[in-house]
Amino acid sequence: MKLPVYAKVDLTSKAWETFHISEEYFKKYIGGKCLAARLLLDLTEKGIDPLSPEATVIINTSPLNGTASPSSSRFNMTFKNVLTGGIASSNSGGQFGVMMKRAGFDGLIITGKAEKPTMLEIVDGTVTFKSAEDLWGMDTEETQQKLPKAYGKIVIGTAGENLVRYASAASGERMSGRCGTGAVFGSKNLKAIIAFGKTQPEVAHPEKFKKFVKKWITFIKNHPMTGDSLPKYGSAGIVNKANASYALPTHNFKYGHFEKADATSGETLAETRLVKNNGCVSCPIRCERRVMMEGKEVKGPEYETLGLLGANIDSDDLDMVLKINYMADDLGMDTISLASTIAFAMELKERGIADFGVEFGKTDNLPEIVTKIAHREGIYSDLANGTKWLSEKYSGAGFAMHVKGLEIASYEPRRSVGMGLGYATSNRGGCHLNGGYLALLESVGVLSIDPQNPGAKAQLSVFMQDALEAVSSSGSCLFSAQTFVPAILFKMGPNHPVTRFIGKVAVHVGGVVNLLLKATNLICFNSLFLLPHAESLHLVTGLKMKTGDFIDLGERSFNLERMYNIREGLTTKDDTLPERLLRTRQDTNDTSTVVPLDKMLPVYYKTRGWDEKGVPTEKKLKKLGII
Amino acid sequence: MNVTVKYRGELKDFTKLSEETLSAATISDVLNHIKITYGKDALKTAKRMVIAVNGKSILLLKNEKTTLSDRDIVTFLPICGGG
Ligand code: SF4
């Protein structure tokens, strides 16, 4: 068994050394965000500024990266979250992770601050420090064009250089979007990292793996979600369904339904702007949209961007969504935080609190404003700090739509209360994926587990958070996990009496899910129908990895990240949602259209084996092998 | 009631129309129209889609018993995912 080898890089002294991951750590934490959370806890001091030279960014891969396992190109970045002060993990489907591995490193641990703009080059097991002064000032597209074509790349644009707190990093056209990755790079004068190599990853059981991958790909292609709707519509296809369920954030989350939402929907995108679909390396799903934008073929927007730059700012201007999506990627900014910050500024204007020249329904000046934000020009520097910071300066905390400082994704939790709990407890802040993505089972997918009923939502959230955490740690795309929703439900549809019945009774399965979570050792099998990633990991690493072990891996990861947050001073008070979602009914005539977080949170803590303050107990941490 | 019915996704492959106006008092009537006009397979497809009346899912209304008013818009939408 080959153990992971990382390079530990100090930008201040321009020195690097190899860093070996122990067998114990590899077996317990595997790779990706789980192993990175362990390393961040081990290697960093409490209380450092996320944009200081002492801050550390870990860029790492997982055993599946670079193999033929489906949708397995996702590499991870873990660092101190610029927006929340807690942990950040951000993953991307760009080429960089696979190339870094081929170049001889499973991960990088980067600290310090370069004196001048710098680029790291990783080739043949060696790290070289290069000047990036000629690249500084360029955006992500131009920067990458200047770099060798065959190399895997991560670069930042103007926003990262100017420390926009939600700046992203680009690898090809794929973004490591959330939590301020780009700002961390910028604070270190790190403009780019490039990697090239030819070493193929080792596979413990190559023949069995080959057969398994073939079976899994067939399964993915035959499933209605991954074989049909994602390739056809991408995540953009969610807009109309979310709108029909009143779960589409509208007017800065004041409402959940926008009359003109169809104009920015996945169906309209497919009918009017789509050129073709595309995909990350090794992905049979190919959910990426290639669209025409001002005569140029570019990567199309995801659901979150369409929702937050459409309904949430009262806009039906699809061309503008495409343009801002492209600009944000090029300047290097997270579209979720950017769009949500703009929506908050629009509400500040509507209430007469502050005027940044943005107004609900008005989009013509957005390109200019987005550019000014990336350059931190004048008052727009305030918008570069994100929603929480703005609400602290100008007031408006009750309608500042963030959790822990990270802007909430495009799911209205008053019509998906489990998603509300997920947002409140997600380790990186208002993230749907890290939050367990119950919206898929409540309001935007084929199943509707009673969206306004808190029953079983705590237990289901824990299960989903752990499962998604494990999928991420394996280096796989979370979309590849969506096959766990049985294909038969898609054949019956959302209105079928059986689908509706399942949605009704599922709110009573909390006890069963809890038992399952406590006895994961009983899930001592692997199945294509549940989380096939476990079998893939077993065949690649040779380690014992049944579905139960896989869910334990996710639980270990979630608890490690929680421990980091607690170390950095986050408490149960931070496990909350904006006032608007907790106290203001979405439908004034329906008392159930608020998020009953107080009902769900204590059950959630108990299910997790945490104390009433949300701190993992010693017993839990020992069971997980964390202490 | 004269309602407008909009067909999206794979249902359009059967209807060959993006929309049409018809007389229907409930969602059941609309489904019945689809069955009679476009056949059983079209009905099967229609039933497994999201059905919305004026943009609101019939799951939030009265499912197939949802009553329709003059000038209502009934939309059939594909089920999607991602996130
Ligand atoms: S499903 Fe989409 S985002 Fe995920 S790996 Fe495939 S192409 Fe990339």
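This report walks through a predicted model of two protein chains and a ligand, from overall build to single residues.

Residues are numbered from 1 along each chain as its sequence is written, and chains are lettered from A and ligands numbered from 1 in the order in which they are written. Because the model is predicted, local features need pLDDT of at least 70 and side-chain atom pairs count only at pLDDT 80 or more, while totals for chains, interfaces and linings use all residues; side-chain values use heavy atoms, with hydrogens and water left out.

## The two chains

Let us begin with chain A. Chain A holds 27 helices and 17 strands; helices (H or I, at least four residues) and strands (E, at least two) are DSSP runs, numbered from the N terminus. The radius of gyration of chain A, 22 Å, agrees with the value near 25 Å that a compact globule of 627 residues would have. This radius is taken over C-alpha atoms, and the globule rule is 2.2 Å times the number of residues to the power 0.38. Along the principal axes, the C-alpha atoms of chain A fill a box of roughly 65 × 60 × 50 Å. Of its 627 residues, 66% count as buried, where buried means under 20% relative accessible area, exposed over 50%, and partly exposed in between (1.4 Å probe, protein chains only).

Chain B has 3 helices and 5 strands, and its elements follow the order β-α-β-α-α-β-β-β from the N terminus. The radius of gyration of chain B is 12 Å, close to the 12 Å from the globule rule for 83 residues, so chain B is as compact as a globular protein of that length. Its C-alpha trace spans about 35 × 30 × 20 Å along the principal axes, and buried residues make up 52% of the 83 residues.

## The sheet of chain B

The 5 strands of this open sheet in chain B are arranged in the order 2-1-5-3-4, with mixed pairing. Two strands pair if DSSP finds at least two bridges between them. Strand 2 (19-23) and strand 4 (56-57) of chain B stand at the edges with a single partner strand each, so one side of each has no neighbour in the sheet.

Strand 5 (residues 73-77) of chain B is mostly covered, with 4 of its 5 residues buried. Which residues are bridge partners of Val74(B) in strand 5 of chain B? Val5(B) is one bridge partner of Val74(B), and Val53(B) is another. Val53(B) also has Lys56(B) in strand 4 of chain B as a bridge partner.

## Strand 6 of chain A

Strand 6 (residues 107-111) of chain A has 4 of its 5 residues buried, so it is largely enclosed by the rest of the structure. Lys8(A) stands opposite Ile109(A) in this strand, while Leu108(A) in strand 6 is the bridge partner of Ile59(A).

| Strands | Sense | Bridges |
|---|---|---|
| Strand 1 (residues 5-10) and strand 6 of chain A | parallel | 5 bridges |
| Strand 3 (residues 57-60) and strand 6 of chain A | antiparallel | 4 bridges |
| Strand 1 (residues 2-7) and strand 5 of chain B | parallel | 4 bridges |
| Strand 3 and strand 5 of chain B | antiparallel | 4 bridges |
| Strand 3 (residues 50-53) and strand 4 of chain B | antiparallel | 2 bridges |

## Around the ligand

The space taken by the ligand is the largest cavity. On a 1 Å grid over the protein atoms alone, a cavity is a set of points where a 1.4 Å probe fits but cannot get out, and a molecule sits in one if more than half of its atoms lie within 2 Å of its grid points.

The residues around the ligand are Arg74(A), Arg174(A), Gly279(A), Cys280(A), Cys283(A), Ile285(A), Arg286(A), Cys287(A), Cys477(A) and Phe479(A), each with a heavy atom within 4 Å of the ligand. By class, this shell has 6 nonpolar, 1 polar and 3 charged residues. Here Ala, Val, Leu, Ile, Met, Phe, Trp, Tyr, Cys and Pro count as nonpolar, Asp, Glu, Lys and Arg as charged, and the others, Gly among them, as polar.

Most residues other than glycine have a negative phi. Ile30(A), however, has a positive phi near 60°. Ile30(A) lies in the loop between helix 1 (23-29) and helix 2 (32-43) of chain A and is buried, at a relative accessible area of 2%.

Lys404(A) likewise has a positive phi near 60°. Its place is the loop between strand 16 (402-403) and strand 17 (406-407) of chain A. Is Lys404(A) buried or exposed? Lys404(A) is buried, with a relative accessible area of 9%.

Lys153(A) belongs to strand 9 (residues 152-155) of chain A and is buried, with a relative accessible area of 9%. Lys153(A) and Ala192(A) are 39 residues apart in sequence, and their C-alpha atoms are 7.0 Å apart in space.

How values were computed:
1 Å grid on protein atoms, 1.4 Å probe; cavity = no way out; pocket = protein on both sides within 12 Å on 5 of 7 lines; lining within 4 Å.
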